[in-house]
Amino acid sequence: MHTSKTLRLCTLILLAAPATAQSHAGFLPFDFSGDAYVVDTSSDSVMRLRDLNFDGNFNGTGETSILYSDSAGPIPLGNNSGITVDSTGRLFLSDSTEDSIFVLHDGNGDGTCYDPGEIVQFFDGDPMVNASGIDMGSPQDLTIDLLGNVYIASASSGTSPDSIIRLQDLNADGDANDAGEASYYYLPPILGSSSDSLPNDVFIGQDGALYYVEGGTTGVYAKAVYRMNDNNQDGMIDPALEVSLFFDPPAQAGSAFFWSVTQDLAGNFYMADTGNDLIWKFRDTDHDGVVDAATEANIWWQSPSSSLIWDLTAHSDGSIYAAESQSPDRILRFFDADSDGVIDPLGEVAEVYSEDLSATDIVNPRGIIFERYPTLSVTASAPLGSVASISTIATAGDIYTTYWSTGSMAPLLAAPFGFVEIATGPGHTFGALPTGTMTAAGTKFQVLNVPSDPLLVGLTFYFQSVVGKPDRFQITRLQPLTLL
């Protein structure tokens, strides 16, 4: 590299302004999937799964660990069945025995959530406790929208109503137990039996609509996926005008049991039928608001043996992961490698976790979710005299350091951190911006003031960040910046 350009590059880096906070629209789960979290209803625990040696599974030493267990923690769990994650990296956990929603966040990075404030009750479903008077009797799965609103599929426990409940922490005190922070978003009309409607899962689609899985057993509602859209923005779903049947799967040999629905980056939906040991793939390709079972859906995977899949979640690489409670208990990865629209049970299904191979036993894997991998974004190009931006999205409280170099290289594995892509060897100049800490919103924003120096035109330099906490630092993907 030319010496004069090297000196000017160093000047440019040193002119970086102090880091300031930047708000963002919300959690983007498909940018780059990070570690996985699985709820174990039998051991009343939440497990953390990390591929530390980058071999594609979580069976290695230390790759499956206990994030929280009520045998060691301050809050009891009963039937913790649903799990999701928000844009700041906080895990939300539903428990149908405690009738509560809990939030977990490893603030000090020691790999567990046992310290004060690392697990809290976000919502108490007892109408005599929460100030909104909402009765949440049996919360199943849950999801979070871009604004931080929590939606819960709640099946009746006998006295509480079958419902989709919305939670909003309006006063930012860390819970949704205050007046007006909980509401019934949707109450399916029933004809007298609590089994008329059994909401099992709720999911926000890429179209912004809310989808829920219905498991009612009396025939009043088809066991199917329904689509909800609050068209008049009044904060609740009108059963007559704002909810419709989206996908009604054709009958199979066995009785259908639908527990989970998810969507991949391409817009395809997936739903497991544990009664028939299969997974449906479907999509409203003609955008008429309903899936034609004959032309817009197919059996994506048929298990060759008994399979109890509780939950599905999408990965950013296009694969689908499943929590299977069977013998052996497993986490399965499905990937349609030949793009023929179906999964070959022999070649396109991988056991990324098995209780037979891992030193850590997940006794009853029920729910699964991926957190966001730390994401670095840099302005692709910047004219002389302008301002280039550097933004990082990760988990709240993460420590980050952004490194820069005048060159790049083929990815070099540096397990367990990730792949180094900036060049640090002879002939290249590299350095680092000041270390900082992610905001409570899980974001950081920096700017580079580009000097008005004609000798800098055409210069490209490269950025990568190391982001995380003491137990888990990860390297972001390479980001280039070219000066114009």
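**Edges, rings and charges in a predicted model**

Guide: In this predicted model, four strands form an open sheet in the order E8-E9-E10-E11, paired antiparallel.

Visitor: Why are E8 and E11 said to stand at the edges?

Guide: Strand E8 (139–144) and strand E11 (182–186) each have a single partner strand, so one side of each lacks a neighbour in the sheet. Neighbouring strands of the sheet are turned by 30° against each other on average, direction ignored.

Visitor: What makes E8 and E9 a pair?

Guide: Pairing requires at least two bridges, and four bridges join E8 to E9 (residues 150–154). Leu142, for instance, has Ile152 in E9 as its bridge partner.

Visitor: The structure holds 21 aromatic pairs. Why is the pair of Tyr151 and Tyr185 called edge-to-face?

Guide: The ring centres are 5.1 Å apart, which is within 6.5 Å, and the planes stand at 75°, which is over 60, so the pair is edge-to-face. Tyr151 lies in strand E9 and Tyr185 in strand E11, so the pair ties together parts 34 residues apart in sequence.

Visitor: How do you know that Tyr151 is buried?

Guide: Its relative accessible area is 7%, and buried means under 20%, so Tyr151 counts as buried. Tyr185 has a relative accessible area of 7% and is therefore buried.

Visitor: What makes Arg366 count as lying over the face of Trp310?

Guide: The distance from the ring centre is 3.7 Å, and the cut-off is within 6 Å, together with an angle within 35 degrees of the ring normal. Arg366 also lies over the face of Trp259, at 5.6 Å from the ring centre.

How values were computed:
Residues are numbered from 1 along each chain as its sequence is written. This is a predicted model: local features need pLDDT of at least 70, side-chain atom pairs count only at pLDDT 80 or more; totals for chains, interfaces and linings use all residues. Side-chain values use heavy atoms; hydrogens and water are left out. Helices (H or I, at least four residues) and strands (E, at least two) are DSSP runs, numbered from the N terminus. Axes are lines fitted to C-alpha atoms, for helices over the stretch in contact, and angles run from 0 to 180 degrees between N-to-C directions. Rings of Phe, Tyr and Trp (its six-membered ring) pair if their centres lie within 6.5 Å; planes under 30 degrees apart count as stacked, over 60 as edge-to-face and the rest as tilted. Buried means under 20% relative accessible area, exposed over 50%, partly exposed in between (1.4 Å probe, protein chains only).
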